[in-house]
Amino acid sequence: MSKYTFRSIEEKWQKYWAENQTFAAKNAVDQPKFYVLDMFPYPSGAGLHVGHPLGYIASDIYARYKRHKGFNVLHPQGYDSFGLPAEQYAIQTGQHPSKTTRDNIARYREQLDRMGFSFDWAREVRTSDPDYYRWTQWIFIELYNSWYDPDLNQARPIQALIEIFESEGSAGLKQTMDALESDFDVAQWKNFSDLEKEAVLSHFRLTYLAESEVNWCPELGTVLANDEIVNGVSERGGHPVVRKKMKQWSMRISAYAQRLLDGLDQLDWPEPLKESQRHWIGRSSGASVCFDVAGHSDQIEVFTTRPDTIFGVSFLTLAPEHELVSKITTSAQAKAVEQYVEATAQRSERERMADVKTISGVFTGAHAIHPLSGAEIPIWIGDYVLAGYGTGAVMAVPCGDQRDFDFARHFDLPIPNIFQNIEVTQEAYTLKEPCVIDNSEFLNDLNYAKAFKAAIEALEAKGYGKGTVNFRLRDAVFSRQRYWGEPFPVYYKNGVPRMIEFEHLPLTLPEVSAYLPTEDGDPPLGRANLWAWDTAECKVVSLDAVDHQSVFPLELNTMPGWAGSSWYFFRYMDPKNQDEFAGKEALDYWGNVDLYIGGSEHATGHLLYSRFWVKFLFDRGFISVDEPFNKLINQGMILGESAFVQRSKDGKTLVSAACAKDKEVQGVHCDVSMVSVNNELDLEAFIAWRPEYQNATIIKEPDGSFKVKREVEKMSKSKFNVVNPDDICDQYGADTLRLYEMFLGPLEQSKPWSTAGITGVHGFLKKLWKLYHTGAQDGFLVNDEAPSPEALKVLHKTIKKVNEDIEQFSFNTSVSTFMIAVNELTSLRASQRAILEPLIVLMAPYAPHIAEELWSKMGHNSSVSGQPYPVFEPKYLVESSKTYPISFNGKTRFTLELSLELSKDDIEAAVMADARTQDQLKGRMPKKVIVVPGKIVNIVG
């Protein structure tokens, strides 16, 4: 019988797919489209481990399935190839990040190809490719040249706003624009300098320069986004992060807050992920309230969701970074305030938000005037207030907010009670209902809803407030002080940013002497000799020429990692287009992504930013969809099975796991490659790896082996529990890897990897191969005979179940179904083409290599991937007979298969005529025969 030689089979078909471009998608054909996409990877130097392909395998199964169903499937792949790791490696070695990235991509491509993915590689994109980031730069320019019109609720060209100012001044804006510090008329606008006009327009542009509080990581020399910080330190490297003010480019994502929130209701995304975005956007209704500062002309604006509690305000708290802190602080409090501000700068926003136990703050010495009562109230600063959320100030109502209550008790501040018949001496009362207001002048005796409305009306009447909606979502800092990122297409003329004309893009990264910030603290691009823009020659020239009238300095920051990943899914549609980021025909045909698979960790980063950019591109008429991803699935993690060598606390003794039960020991990670399937450690290899244990006493098992302890953890190089998919492909084959990863459990759940379990899946593929070869003289056994009803029943039961499973993304149960089907067909000795051909097509999305080989051996010259999906026919599952349990006095003695068409009397007659019945009765007449057609027969003796 022919042997299952998976290595040669997989190499053969991977070569065939590449040479024949089997999975190339065509644009705008007369065929329904389906767009399947993975969150594209950052190509790290470590390559892929077995946890990485989980989502890729799932998406590939679905892409192949949809091709069988008659869809024109776009299933591309590329690389999010700008990133900090390559830059850090460049800093350490001096090697250009582009070389590191190219080498890493080559490694990734080799691994991905081995796993048999049906990617359309002709559409590959790389975010670090100038031909790609030329269009990222173009989108940035379009954002800069756009503003959000609240009347039309969409982005428009900035020129439309300029025309309003030129014809009507600021009065031409129908809605009040809080961004403007003061109104101006047409004449004033015309007399503004370029710098003054840009200062006005920057309040409206969708990307703009501004002084902002940022997360600065001195060790990495760059600004980090909130989602790049974990527990107060950088996600990469674990370095300290501080808050500081810097002039940065920002994206006005806050303009889209309501639309981003509303759009979630239309998306088929996991509810926890949508809830994460809702929380991040953070919509709340309330009032904007202004407090005059005693002795100053300034006002402090706060946002509150409880204007009904306005008379309960006993102090204001400002964020330590608030712009008024230094201005209003008295000389007596100046030193204490300065020290507190410096200490707060050492903590990240997330750390401050999470720390609800620590109570700290400092009195500024200044007072505010209550807008309704006229009373003076003290102004404090406290790190529980964030400059970037709301206005960076809160009106503290200690009787109605627990954090304000704790702050007031800690610093012995007043806690006036404004609630009728409610005690607030021990804790704040935070409920809206039941609630009746007291000690609040005209709000007395009103419930929450009525007091809410009345307070806003009073504030509006006095000019000290208004009803409003606030969002937690803040504008996204878009500058990074790195080298390896998209250069901004920006130069500066007299301090005003100017955009490089599109026809001169891409503006490519220059060569630099080192990838570190300059001695003056400028980003790495400050080291470039050629980094100025000649507006006359329209090219990059030397910085030495900056004094020339046509030469101006270029932006030194680069874009963040999420820039290129916010639109890459559109470039796949038309990757070779040199005239547009993608052609209209391709954009209209493919629309948006039908199925997107990736990790939930991107909920408030990539997934939110890409939705923002898509809505902007839609507003400006560049695309016809306003959401990027219709359906999204978050795959779970494949966890590593770490190995721990047990040692004594002094490190002088190594103890085998079973011998360590009654001893005080510690676990030390060891590389899982040194451990066998039965948990036996290669001691020689371990000690060679960790020579500090070469003189240790070794306590082994009675049989002389040394066992490790196993624990399930996240798969990571630092835990030495990484399993390389290359090793699995070498030993068992890619089809085995694909099936096993699906077999481990539901796609969305995390599950541990166990190499020990993979042999069973590999054995199943051998059994599948054997089904097509058993008993054949020439090594292959398939005939054109009519299949038996039993074989047809197995086949159609399998078609029905697998089809349902794929549609529900229950890939693990499909694998179980295949195993059952092959076992049953083997028992039936099924060798008919009418059974085995459809079975191959069913298997092809999961195990494509073996499916292609078997399909070819059946005499087909084309790929199985293009074959129609088998159609389930219910008639083959209709039972024509029933195997009845024949019971005597309630105990089953034998079974009897009878036609389901028999009547009750016919069933009784057949049972009574059976020799086994007579043997049980031994000549006695039964008292009663109970027959339930289709179910049971019970003879009562």
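**Sheets, helices and aromatic pairs in a predicted model**

Four strands form an open sheet in the order β2-β1-β23-β24, with parallel pairing. The edges are held by β2 (72-74) and β24 (629-634); each has a single partner strand, so one side of each is left without a neighbour in the sheet. From one strand to the next the twist averages 20 degrees. The structure is a predicted model, in which local features need pLDDT of at least 70 and side-chain atom pairs count only at pLDDT 80 or more, whereas totals for chains, interfaces and linings use all residues. Residues are numbered from 1 along each chain as its sequence is written, and side-chain values use heavy atoms, with hydrogens and water left out.

Two strands are said to pair if DSSP finds at least two bridges between them. Strands of a sheet pair through backbone hydrogen bonds, either parallel or antiparallel.

Within the parallel sheet, strand β1 (residues 33-38) is paired with strand β23 (residues 593-598) over 3 bridges. Leu-37 stands opposite Tyr-596 in β23. Helix α2 (residues 53-68) packs on this sheet and touches β1, β2 and β23, its direction making about 170 degrees with that of β1. Helix α19 (residues 606-619) also packs on the sheet; the strands touched are β23 and β24, and the direction of α19 makes about 175 degrees with that of β24. Contact here means heavy atoms within 4.5 Å. Axes are lines fitted to C-alpha atoms, for helices over the stretch in contact, and angles run from 0 to 180 degrees between N-to-C directions.

Ala-46 is placed in the loop between β1 and α2. With a relative accessibility of 42%, Ala-46 counts as partly exposed; buried means under 20% relative accessible area, exposed over 50%, and partly exposed in between, for a 1.4 Å probe and protein chains only. Although Ala-46 and Asn-724 are 678 residues apart along the chain, their C-alpha atoms are separated by 9.8 Å.

A second open sheet has 3 strands in the order β21-β20-β22, and its pairing is antiparallel. At its edges stand β21 (539-542) and β22 (551-553), each with a single partner strand, so one side of each lacks a neighbour in the sheet. The twist in this sheet averages 50 degrees from one strand to the next. Strand β20 (residues 530-534) is joined to β22 over 3 bridges in the antiparallel sense, and Asp-534 stands opposite Val-551 in β22.

Strand β34 (residues 936-940) pairs with strand β31 (residues 881-888) in the parallel sense over 3 bridges, whereas 5 bridges join β34 to strand β33 (residues 928-932) in the antiparallel sense. In β34, Asn-938 is the bridge partner of Ser-887 and Ile-939 that of Val-929. The hairpin of β33 and β34 has 3 residues between the strands, and Gly-934 in this hairpin takes a positive phi near 85 degrees.

Two packed helices are described by the angle between their axes and the distance between the axes. Helix α24 (residues 789-807) and helix α25 (residues 811-827) pack at about 175 degrees, with axes 9 Å apart. That makes α24 roughly antiparallel to α25, a term for angles over 145 degrees, while those under 35 count as roughly parallel, 65 to 115 as roughly perpendicular and the rest as oblique. Residues of the contact include Val-794 and Val-802 of α24 and Phe-811 and Phe-818 of α25.

Helix α27 (residues 848-857) has 8 of its 10 residues buried, so the helix is largely enclosed by the rest of the structure. Among these buried residues are His-849, Glu-852 and Trp-855. The buried residues of α27 pack against α1 (6-20), α2, α22 (734-743), α23 (758-771) and α26 (833-843).

Aromatic rings of Phe, Tyr and Trp (its six-membered ring) pair if their centres lie within 6.5 Å; planes under 30 degrees apart count as stacked, over 60 as edge-to-face and the rest as tilted. By this rule there are 68 aromatic pairs. The rings of Tyr-79 and Trp-121 are stacked, with centres 6.4 Å apart and planes at 20 degrees. Trp-380 and Phe-407 form an edge-to-face pair, 5.6 Å centre to centre with 85 degrees between the planes, and both residues are buried.

Terms used
Helices (H or I, at least four residues) and strands (E, at least two) are DSSP runs, numbered from the N terminus.
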